[in-house]
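Hello,

Here is the structure for you to look over. My notes follow below it.

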Amino acid sequence: PADFRTDMLQDMPLTTRLAEYLEMHRQGVAALAENAKADVRVLVYSCQPYAQCGGHGDRLNGIVTAFLLAVLTRRVFLIDSE
């Protein structure tokens, strides 16, 4: 049997899905700012200096892919810019 949540997400417009994600993201970042050990699920894109991350196109592809994965798995998306 199909999961109700899955059926609901398939019919949800992208703008609604992104609006929900933005609110969840704001709440998650606020919780982390208040307490770094807060129980918030996060997905962090990281490309360290001198790592084999490819060129700008490869990095952008990785960032977009990681963002979409964060939206689908309801995680706060962060970029490690060190």
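Tyr21, Phe67 and Phe77 form one aromatic cluster. Keep in mind that the model is predicted.

A search of the whole structure turns up two aromatic pairs. Take Tyr21 and Phe67 to begin with. Their ring centres lie 5.6 Å apart and their planes stand at 90°, so this pair is edge-to-face. The cut-off for that label is over 60 degrees between the planes. Tyr21 belongs to helix α2 (residues 14–34) and Phe67 to helix α3, so the contact ties together parts that are 46 residues apart in sequence. Tyr21 is buried, at 5% relative accessibility. Phe67 is partly exposed, with a relative accessible area of 28%.

Phe67 also pairs with Phe77. This pair is edge-to-face too, with 5.9 Å from centre to centre and 70° between the planes. Phe67 sits in helix α3 and Phe77 in strand β2, so here the parts tied together are ten residues apart in sequence. Phe77 has 11% relative accessibility and counts as buried, because the limit for buried is under 20%.

One backbone point as well. Which residue has a positive phi although it is not a glycine? That is Arg74, with a phi of about 55°. Arg74 lies in the loop between α3 (56–72) and β2 (76–80). Its relative accessibility is 41%, so Arg74 counts as partly exposed.

Please look at the aromatic cluster of Tyr21, Phe67 and Phe77, then at the loop with Arg74.

Best wishes

Terms used. Residues numbered from 1 in each chain as written. Predicted model: local features only at pLDDT ≥ 70, side-chain atom pairs only at ≥ 80, totals over all residues. Heavy atoms only, no water. Helix = DSSP H or I, 4+ residues; strand = E, 2+ residues; numbered from the N terminus. Buried < 20%, exposed > 50% of the residue type's maximum accessible area, 1.4 Å probe, protein only. Phe/Tyr/Trp six-rings, centres within 6.5 Å; stacked < 30°, edge-to-face > 60°.
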